[in-house]
Amino acid sequence: MSSTRVATALIVLLVLGCIGLAQRPQSSAQKQKPEPKQSDSNRDRDKDDDTPGSDDAVKLGTDLVSVLFTAVDRNNRVISDIRQDEITVMEDGRPQQIFTFKRETTLPINIAILMDLSGSQEYTFPQEKTAAGEFLRSIIRPNKDSAAILTFQDDVELVQGLSSRADALSRAFDQIQFSRRFGPTSSRHQATALYDAIYVTADEVLARDEIHRVSADDQVTRRAIVLLTDGVDNASSRKLDEAVDRAWRAGVIIYSIGIGDRFRFEGVREDVLRRLGDETGGRAYFPRSSDDLLNDFRQIESEMRSQYLVAYSPSNASHDGRFRRVEVRVNARPDARIIHRRGYYAATEDVRK
């Protein structure tokens, strides 16, 4: 073979070798890397990255406690500019993580007017009836809020169940008539079963489960009793503590208007009415005139329309049915008075919502 042919053959072999190297599959280090299989921790982290904001996360299925509170200054004027970074929520002395905080002016309301028809109310009843009727016409929004009307002496009478119809509520007020009962003051004819009336109203008219499983369409409803009475009880089968306890369990706020015949009867039990308000997140009012009475109803309406809602998932996740003490604090506002219920009962294992 001539030297020329040998050189040509070497050149051809060299070219073929280069082509082969160019077409050879890449090594494992050079191959395009497939998506790595995620570890459990990586998958969890990515899942967390896709989780909505805290409010939405809670709605996926968390036990949630909602607390409505009102803030007033030393002149009893509503404070309307509190921020979330100013508040701390304590449960049984432990700080809680807040998931929701907002000022609420449009939440639906279920309210029960509970009127004492015992002898001490005989001369004040017409003014009470007029003021309560005006209050309901002002505060109830059709198809959103509801009101019930009840009266009590020795027994409780449901005059009107929960309704948002103004005509039905007006007719119910028209039906209420004061009827003097004669007989010994120690008999049932002159008896006043105040605590039973509160218990029944909270339990049978306004009741709800206090702690519940949150769903996407969950909405808090304010529940309140407006109580017109002198605060005297001489016939209930239940005690004051039991009435307060039932209000806690039902999530009911109690506003009391202490009024009665101070000359012929015992006078107004301010201690009882203040406790009902303090324990449930309401207040007690003691009007001295018909103008005061109307102003007190207006103040109740203002407070119910200017509340804050704070919600948290309890750090104590036990479903033991025990009572939990709640305290809402507003930092750096020493003049602010915070009005809210004192606590709630935890869910039990067999109660879910």
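## Helix 4 against helix 5

In this predicted model, Lys129, Ala132, Gly133, Leu136 and Arg137 of helix 4 meet Ser170, Phe173 and Asp174 of helix 5. Contact here means heavy atoms within 4.5 Å. By type, the residues of this contact divide into 3 nonpolar, 2 polar and 3 charged. Ala, Val, Leu, Ile, Met, Phe, Trp, Tyr, Cys and Pro count as nonpolar, Asp, Glu, Lys and Arg as charged, and the others, Gly among them, as polar.

Two packed helices are described by the angle between their axes and the distance between the axes. For helix 4 (residues 125-139) and helix 5 (residues 166-175), the axes come within 11 Å and cross at roughly 175°. That makes helix 4 roughly antiparallel to helix 5. Angles under 35 degrees count as roughly parallel, over 145 as roughly antiparallel, 65 to 115 as roughly perpendicular and the rest as oblique. Axes are lines fitted to C-alpha atoms, for helices over the stretch in contact, and angles run from 0 to 180 degrees between N-to-C directions.

## How the model is read

Residues are numbered from 1 along each chain as its sequence is written, and side-chain values use heavy atoms, with hydrogens and water left out. Local features need pLDDT of at least 70, side-chain atom pairs count only at pLDDT 80 or more, and totals for chains, interfaces and linings use all residues.

## The chain as a whole

The chain has 9 helices and 15 strands. Helices (H or I, at least four residues) and strands (E, at least two) are DSSP runs, numbered from the N terminus. Of its 353 residues, 48% count as buried, where buried means under 20% relative accessible area, exposed over 50% and partly exposed in between (1.4 Å probe, protein chains only).

The chain exposes about 18900 Å², and carbon and sulfur atoms supply 47% of that area. Accessible areas come from the Shrake-Rupley method with a 1.4 Å probe; for residues, only the protein chains shown count as cover. Among contacts between residues at least 6 apart in sequence, 78% join residues at least 24 apart.

An open, mixed sheet is formed by 6 strands in the order 7-6-5-9-10-11. Its edge strands, each pairing on one side only, are strand 7 (156-163) and strand 11 (284-285). Two strands pair if DSSP finds at least two bridges between them. Strand 10 (residues 253-258) runs parallel to strand 11 and is joined to it by 2 bridges; Ile257 stands opposite Tyr285 in strand 11.

Helix 5 lies across strand 5 (109-116), strand 6 (146-152) and strand 7, at about 165° to strand 7. Helix 8 (residues 270-280) lies across strand 9 (222-229), strand 10 and strand 11, at about 160° to strand 10. Within strand 6 is Thr151, which counts as buried at 6% relative accessibility. Not counting residues up to four places away in sequence, Thr151 touches Met115, Leu117, Val156, Glu157, Val159 and Ile176.

Another open sheet has 4 strands in the order 3-2-13-15, with antiparallel pairing. Strand 3 (94-95) and strand 15 (343-345) are the edge strands. Between strand 2 (residues 87-91) and strand 13 (residues 323-330) there are 5 bridges, and Met90 stands opposite Glu327 in strand 13.

Helix 7 (residues 240-250) lies across strand 13 and strand 15, at about 80° to strand 15. Arg249 belongs to helix 7 and is partly exposed, with a relative accessible area of 33%. Arg249 and Ala346 are 97 residues apart in sequence and 9.3 Å apart in space, C-alpha to C-alpha.
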